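Here are my comments on the model you sent. Please read them with the structure open beside you.

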Amino acid sequence: MADNSPLLDVSNLRVAFPTRTGMAEAVRGVSFTLGREKLGIVGESGSGKSMTGRSILRLVPPPGRVSADRLAFRGEDLLAASARRMRDIRGRRIAIVMQDPKYSLNPVMTVGHQIAEAYRVHSKAGAAEAKRRALEMLAAVRIRDPERVYDRYPHEVSGGMGQRIMIAMMLIPDPDLLIADEPTSALDVTVQMQVLAILDDLCSQRGMGMIFVSHDLNLVASFCDRILIMYAGRVVESCRASELHAAQHPYTRGLLASLPRIDEPPGDLPVLSRDPAWLEG
Amino acid sequence: MMIDIRDLRVRFGQGVDTVTAVDGVTLSVREGESFGLVGESGSGKSTVLRAVSGLNDEWTGRIAVAGTEQGPVRQKGFYKLCQMVFQDPYGSLHPRHTVDRILAEPIAIHGLGDADARIDRVLRDVGLGPSFRFRYPHQLSGGQRQRVAIARALVLEPRVLLLDEPTSALDVSVQAEILNLLRRLRMEHGLTLVLVTHNLAVVANLCDRLAVMNRGRLVEEMSVEDLRRGAAREPYTLQLLRASQGYDRATAESFRDYA
């Protein structure tokens with residue numbers, strides 16, 4: 001496969017849920033391509049950003065329905081893939097990290113076993129080899145004493161460490177694409193920066209692509225290469241991360257203006273007035 | 001001084017499991033001032049607020065509010081003077097009570113009377129208006145719920161409002177509306193605000209002065225002007241400031257733990 005072909009090709013992605021008044025569309029025709037880069041998807045709650053991330057792995061819960069003109073991962077149609085094939089892709093080729101480690105880790109299994117299990121599911125490695133790889137991975141996400149942390153249960157580790165453990169578990173099968181859904185929102189700012197540095201390094205060292213879903217505009221602007229801004233299930237604007245400050249769409253501009261800033265004097269913040277026309281583009 | 005705290009200590013647990021959540025904090029807030037209490041999780045900032053509000057009675061030291069020394073258990077009159085708004089408007093409103101009933105309860109507890117006019121006035125005050133009066137919390141957006149929570153605190157016409165991360169659960173566009181509302185209410189009612197948050201930008205927008213906490217201790221106090229200029233004295237505060245300025249690979253590398 002040519003290396004310049006996109007990792008992910010999404011065209012006219014739609015996610016709909018049945019309601020009493022008919023189908024409600026959470027994602028309404030999202031299209032983008034992703035190479036080996038960090039793509040940020042930003043939006044407020046209900047904008048469809050998380051559903052976009054989940055639908056790539058076909059993790060939208062029923063009765064939700066996903067459709068697209070094209071949803072291809074390295075040329076392979078994900079919507080047509082069998083359930084068995086999807087299980088193979090999930091974790092091994094495309095991994096996902098969710099927001100809160102408290103709810104994503106198995107509470108009655110040591111963290112080391114969970115990481116080793118993630119490795120064994122996708123390889124033929126034996127228990128000893130899996131443990132060795134798990135310890136390596138814990139060290140790669142900068143956990144100082146991997147041997148000790150390996151035997152801990154999730155409730156015995158801090159939030160920042162829990163999120164690093166999640167990342168270790170997701171990256172141990174060496175995926176080509178990582179979908180990170182608010183991976184650092186539950187963390188303190190300094191820990192957040194340290195976790196982002198780990199993700200950043202792993203992306204550049206492994207040539208992994210990443211979709212970074214977040215509500216935090218400044219964070220995405222400083223961390224990602226490219227940004228999609230979503231509003232009401234649509235991408236209203238896309239730009240290079242470094243050019244977010246020059247965004248054109250009134251929604252993006254309104255969001256940026258409504259953020260308080262440390263270096264600005266106190267005073268009323270501009271409030272976003274939502275234009276119904278934004279719903280259509 | 002509206003709030004005067006001397007050598008406040010709060011411990012949880014017993015024996016070897018004892019955790020000192022607040023370790024000798026001394027600070028004071030002037031009448032009409034807006035004061036920010038900043039720190040990361042586990043710094044003890046919310047615990048200080050909960051001790052002042054009377055939600056936590058396991059503390060030692062001295063807490064005085066409006067010149068009156070407070071014991072662990074508060075008199076009813078204290079809550080007429082000092083009210084609190086919580087982080088999560090999804091959890092802090094009774095899901096089966098209408099807005100009207102939520103607002104009527106504190107009026108009844110304090111025997112204030114004239115509930116109808118008070119509720120009508122306070123709803124207008126927080127920008128909701130009478131059409132919201134007979135709705136249930138699930139019929140409201142997050143921002144509207146937080147306005148109801150603020151209305152519930154204001155309906156007693158307190159002089160002090162304690163705010164525990166009041167905008168952290170809200171979208172940024174809604175956060176801006178709530179910050180603007182709090183600023184207007186402070187001006188109109190001459191309120192004293194104590195705002196607990198992890199967000200330095202929110203403090204810069206709403207407060208006059210702030211204290212930074214880390215691991216139960218007060219690291220430093222500063223004016224918001226100093227914060228804006230980045231003129232912090234303590235390395236911990238400087239690190240917090242750098243971390244608030246977005247992701248930078250080299251900066252992330254420089255972070256360390258401050259005990």
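This is a predicted model: local features need pLDDT of at least 70, side-chain atom pairs count only at pLDDT 80 or more; totals for chains, interfaces and linings use all residues.

1. **Chain B overall.** Chain B holds 10 helices and 10 strands. Its C-alpha trace spans about 55 × 40 × 35 Å along the principal axes. A compact globule of 259 residues would have a radius of gyration near 18 Å, and chain B, with 19 Å, agrees with that. Buried residues make up 44% of the 259 in chain B. Of the contacts in chain B between residues at least 6 apart in sequence, 66% link residues at least 24 apart.

2. An unreviewed UniProt entry carries the annotation "domain: ABC transporter" for residues 3-240 of chain B. That stretch is 37% helix and 27% strand. Its end C-alpha atoms lie 26 Å apart.

3. **An open sheet in chain B.** Four strands form an open sheet in the order S2-S1-S4-S5 (chain B), and the pairing is antiparallel. Strands S2 (19-29) and S5 (68-70) of chain B stand at the edges; each has a single partner strand, so one side of each has no neighbour in the sheet. On average, neighbouring strands of this sheet are turned by 20° against each other, direction ignored. Helix H1 (residues 45-53) of chain B packs on the sheet and touches strand S1 (3-12), S2 and S4 of chain B. The direction of H1 makes about 115° with that of S1(B). Ala64(B) has Glu69(B) as its bridge partner in S5(B).

4. **Pro137(B).** Is this loop residue buried or exposed? Pro137(B) lies in the loop between helix H4 (115-125) and helix H5 (142-154) of chain B. Pro137(B) is buried, because 20 other C-beta atoms lie within 10 Å. Leaving aside neighbours within four places in sequence, Pro137(B) contacts Leu93(B), Pro95(B) and Arg145(B). Pro95(B) is 42 residues away from Pro137(B) in sequence, yet 5.8 Å away in space, C-alpha to C-alpha.

5. **Helix H9 of chain B.** H9 covers residues 235-243, and its buried residues are Tyr236(B), Thr237(B), Gln239(B), Leu240(B) and Ala243(B). Seen down the axis of H9(B), these residues fall within an arc of 160°, so they line one face of the helix. An α-helix has 3.6 residues a turn, so residues three or four places apart point the same way. Which elements cover the buried residues of H9(B)? They include helix H8 (189-206) of chain A, and helix H7 (200-206), strand S9 (209-214) and strand S10 (217-223) of chain B.

6. **Contact between the chains.** Chain B gives 31 residues to the contact and chain A gives 29. On the side of chain B, the elements that give two or more residues are helix H6 (172-189), H7, helix H8 (224-229), H9 and helix H10 (249-254). H6(B) supplies the largest share, seven residues.

7. **Strand S5 of chain A.** This strand (residues 70-73) has Leu71(A) and Phe73(A) on a covered face, with Arg70(A) and Ala72(A) on an uncovered one. S5(A) pairs antiparallel with strand S1 (residues 8-19) of chain A over four bridges. Leu8(A) stands opposite Phe73(A) there. Two bridges also join S5(A) to strand S6 (residues 76-77) of chain A, again antiparallel. The hairpin of S5(A) and S6(A) has two residues between the strands, and Arg74(A) takes a positive phi near 50°.

Terms used
Residues are numbered from 1 along each chain as its sequence is written. Chains are lettered from A and ligands numbered from 1 in the order in which they are written. UniProt positions are given in the numbering used here, feature names are shortened, and annotations may be inferred rather than shown by experiment. Two strands pair if DSSP finds at least two bridges between them. Axes are lines fitted to C-alpha atoms, for helices over the stretch in contact, and angles run from 0 to 180 degrees between N-to-C directions. Two residues are in contact if their C-beta atoms, placed from the backbone, lie within 7 Å. A residue is buried if 20 or more other C-beta atoms lie within 10 Å of its own, exposed if 12 or fewer, and partly exposed in between; C-beta atoms are placed from the backbone. The radius of gyration is taken over C-alpha atoms; the globule rule is 2.2 Å times the number of residues to the power 0.38. The arc is that of the directions from the helix axis to the C-beta atoms.
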